[in-house]
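Look at the model below.

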Amino acid sequence: MTSETITADAAGTWTLGDLTVNRVGFGAMRLTGSAAFHLGTPSDRERSVAVLRRAVELGVDHIDTAAFYFSSLRSANEIINSALSPYSDDLVIVAKVGPYRDWSGEWGTSARPEDLRGHVEENLRQLGRDHLDVVNLRRMGQDSIAEHFGALAELRDKGLIRHLGISNVSPRHLAEAQAVAPVVCVQNRFGLGSGTPGTDEMLRICGEQGIAFVPFYAIAGEGGERGATTGHDGAVLTIAEAHGATPAQIRLAWTLAQGPHVLAIPGTGNPDHLAENVAAGALRLTDDELDTLNSLHHKAG
């Protein structure tokens, strides 16, 4: 397949509240270096800026970011601001709050409800915006998210946030949040052969309720924040060869095939990988191929 000629609308669209986005978006974490946080080599800034601008040219209109995405030299939000400001009206910026890193990059105590306004305002400051289109509350192990989600709902009412989502949650957390305010998206770890307990059920519930399901590490798999997995099952390699695609593209295509409400946010600092990720939205796996990959996924789970 010819990646350079395929744009993000090939995968179709979904909505985040009243915002329509192409199902293939972009995750900003990899902009800061070869691996997230301090685990890799800091990126070339101009290359990262170029990747973002190329993403928009390819039709990406949904960018996922966070103030805690930074390496020793690079901040994802600053790169986004420099590359894309002034922002086009149809570009949706999604941030997440909850985790916290101090100025040295060390992980600190996750936010209390009263801290969340500061987290939101830091994202606004770095991005150069007066509101965030969507803010995801990242659950950091707490049993209940009601108080935290309520604090974000208050910021939504004040106009700092347009829509709310949740991350790293189970179905009961979704119900808990919905008792406070509408939820437009759920972000959980999910990909071919990897996930968290209850995520398959969450995927189903989101589909039934028309909520966007936005998996992270769909390509990275068990590699997580350190980068994409290099271990691929033989079936994945065979299917990739049949489509003239990469294993990463097959992983993305399988993820998108889990339902029309599933969005992909693959991240990269490499312009070639960017084009490949966007092009994965045009891949259509056969029923037999999906059955094979679904079996791999359930076996791994």
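**A histidine and the aromatic rings**

His-148 is found in helix α4, residues 146–157. Helices (H or I, at least four residues) and strands (E, at least two) are DSSP runs, numbered from the N terminus. This is a predicted model, where local features need pLDDT of at least 70, side-chain atom pairs count only at pLDDT 80 or more, and totals for chains, interfaces and linings use all residues. Residues are numbered from 1 along each chain as its sequence is written, and side-chain values use heavy atoms, with hydrogens and water left out.

His-148 counts as buried because its relative accessibility is 8%. Buried means under 20% relative accessible area, exposed over 50%, partly exposed in between (1.4 Å probe, protein chains only). Leaving aside residues up to four places away in sequence, His-148 touches Ala-111, Arg-112, Pro-113, Leu-116, Leu-137 and Gln-142. Contact means heavy atoms within 4.5 Å.

Now the rings. The structure holds 5 aromatic pairs. Rings of Phe, Tyr and Trp (its six-membered ring) pair if their centres lie within 6.5 Å; planes under 30 degrees apart count as stacked, over 60 as edge-to-face and the rest as tilted. Phe-68 and Tyr-69 are edge-to-face, 5.3 Å centre to centre with 80 degrees between the planes. Both are buried. Phe-190 and Trp-254 are stacked, because their planes are at 20 degrees, with centres 5.5 Å apart. This pair links distant parts of the chain, 64 residues apart: Phe-190 is in strand β9, Trp-254 in helix α8.

Phe-68, Tyr-69 and Trp-107 form one aromatic cluster. Arg-101 lies over the face of Trp-107, at 5.5 Å from the ring centre. The charged end of Arg-101 also sits over the ring of Phe-70, 4.0 Å from its centre. A charge sits over a ring if NZ of Lys or CZ of Arg is within 6 Å of the ring centre and within 35 degrees of the ring normal.
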